[in-house]
There are 2 protein chains.
Amino acid sequence: MKALLLVAHGSRREASNDEVRALTNSLGGIQSDFDHVDCAFLELADPSIPDGMRRAIDAGADELVVLPYFLSAGRHVSKDIPGEVDSVRAEFPNVRISLAPYLGASPQIANILITQATNVQ
Amino acid sequence: MKALLLVAHGSRREASNDEVRALTNSLGGIQSDFDHVDCAFLELADPSIPDGMRRAIDAGADELVVLPYFLSAGRHVSKDIPGEVDSVRAEFPNVRISLAPYLGASPQIANILITQATNVQ
């Protein structure tokens, strides 16, 4: 079973966390390879990244993709999230755990921005 | 002349600001309605939002779209950026200045995330 875990920063503003949860629900509604889609937060909101990963694995995932919902490759993306993923990876040697590139690395972002800017006029 | 100003938060980490500048360059390379594409930062980096807007108008823009490069609709997106845009709007009554929805509001984000997660496997 394949699972996707969207990892956001987390905010003191609960509406921002709820935006991530709503996006996660919409991901679950898209036809894809993933049987299970959930989200987790680096800080300030629940579940934590390790808890989110363990939850997906408890639900039966033997393949898990962790995707950072971040725009830039700062310390959170380059160190903190990989560190958390590695710590859980060591607990589950039989689960294939991958870390996807962060959202901002997608070459499609530029086209989305142009679409977003063009439609406003 | 139509101009697009991508507005990012700005970071103490210059590499993050440079990521935004590189993205801005790639936006300029996409065939679109915009003759001028530049970026500005809410804080911690230059140019500021008002300076970026004035620069686009000085370059000849009579239509200017400001697009927040943000993932969630927090205070920066709902209050701070609109406030800065309004202050400059008052200076240039003959320029048509629009504020596009922030990146995270794009319905295409979900599809990008699924593509990003699927390609990693």
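This is a predicted model: local features need pLDDT of at least 70, side-chain atom pairs count only at pLDDT 80 or more; totals for chains, interfaces and linings use all residues.
Residues are numbered from 1 along each chain as its sequence is written, chains are lettered from A in the order in which they are written, and side-chain values use heavy atoms, without hydrogens and water.

**View 1. Chain A superposed on chain B.** A rotation of 180° with 0.0 Å of shift along its axis brings chain A onto chain B, with an RMSD of 0.0 Å (least squares on C-alpha atoms of residues with pLDDT of at least 70 in both copies). The two copies are therefore related as by a two-fold rotation axis. The same surface serves both copies, as 100% of the contact residues of chain A recur in chain B (contact means heavy atoms within 4.5 Å).

**View 2. Helices α1(A) and α4(B).** Helix α1 (residues 14-28) of chain A packs against helix α4 (residues 109-119) of chain B at an angle of about 65°, with the axes 10 Å apart (axes are lines fitted to C-alpha atoms, for helices over the stretch in contact, and angles run from 0 to 180 degrees between N-to-C directions; helices are DSSP runs of H or I with at least four residues, numbered from the N terminus). α1(A) is therefore roughly perpendicular to α4(B) (65 to 115 degrees). A:L23, A:S26 and A:L27 of α1(A) meet B:I109, B:A110, B:L113 and B:I114 of α4(B).

**View 3. Helices α2(B) and α3(B).** The axes of helix α2 (residues 49-58) and helix α3 (residues 75-91), both of chain B, come within 9 Å and cross at roughly 40°. The contact involves B:I49, B:P50, B:M53 and B:R54 of α2(B) and B:I81, B:E84, B:V85, B:V88 and B:E91 of α3(B).

Conventions. Helices (H or I, at least four residues) and strands (E, at least two) are DSSP runs, numbered from the N terminus. Angles under 35 degrees count as roughly parallel, over 145 as roughly antiparallel, 65 to 115 as roughly perpendicular and the rest as oblique.
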